[in-house]
Amino acid sequence: MVNQLNNQQLHSIQQILKNSVLCLMNDEHKIIPFEEVSRDLKEVLKTADCPNDDDAVKLLLNKAVKMTPYRRLQYYLD
């Protein structure tokens, strides 16, 4: 999936994931609902002609949580 993304799409996904992690880490911020994170990720995946359904989002999150900076995203998979 990542191989099909251009730099701008990859950056957009990283920003979505980063913002979600920051909200999960900071008690002062409201946790972004999964539906919102999913919607934003689907929009980027759609522009890349990648699968953009719930399974694709879960696959992306499963791959992301394996990287240390994104481990807190496990919240959305539990």
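Read along the sequence, the chain of this predicted model follows the pattern α-α-α-α. Its secondary structure amounts to 4 helices and 0 strands. With a radius of gyration of 12 Å, close to the 12 Å that the globule rule gives for 78 residues, the chain is as compact as a globular protein of that length.

**Overall form**

- Taken along the principal axes, the box filled by the C-alpha atoms of the chain is roughly 35 × 20 × 20 Å.
- Buried residues account for 33% of the 78 residues of the chain.
- When contacts between residues at least 6 apart in sequence are considered, 55% of them join residues at least 24 apart.

**Helix 2 and helix 3**

- Helix 2 spans residues 34-47 and helix 3 spans residues 54-64.
- The axes of these two helices come within 10 Å of each other and cross at roughly 100°.
- Because angles of 65 to 115 degrees count as roughly perpendicular, helix 2 and helix 3 are described as roughly perpendicular to each other.
- On the side of helix 2, the contact is made by Phe34, Ser38, Leu41, Lys42 and Leu45.
- On the side of helix 3, the contributing residues are Asp54, Ala56, Val57, Leu60 and Leu61.

**Cysteines**

- Cysteine 50 is located in the loop that lies between helix 2 and helix 3.
- The relative accessibility of cysteine 50 is 6%, and this residue therefore counts as buried, since the term applies under 20% relative accessible area.
- Cysteine 23 has a relative accessible area of 12%, so it is buried by that criterion.
- A disulfide is a covalent bond between the sulfur atoms of two cysteines.
- A search of the whole structure for such bonds finds 0 disulfides.

**A separation along the chain**

- Cysteine 50 and lysine 66 are 16 residues apart along the chain.
- The C-alpha atoms of cysteine 50 and lysine 66 are separated by 21 Å.

Methods. Residues are numbered from 1 along each chain as its sequence is written. This is a predicted model: local features need pLDDT of at least 70, side-chain atom pairs count only at pLDDT 80 or more; totals for chains, interfaces and linings use all residues. Side-chain values use heavy atoms; hydrogens and water are left out. Buried means under 20% relative accessible area, exposed over 50%, partly exposed in between (1.4 Å probe, protein chains only). Axes are lines fitted to C-alpha atoms, for helices over the stretch in contact, and angles run from 0 to 180 degrees between N-to-C directions. Angles under 35 degrees count as roughly parallel, over 145 as roughly antiparallel, 65 to 115 as roughly perpendicular and the rest as oblique. Contact means heavy atoms within 4.5 Å. A disulfide is a pair of cysteine sulfur atoms within 2.5 Å. The radius of gyration is taken over C-alpha atoms; the globule rule is 2.2 Å times the number of residues to the power 0.38.
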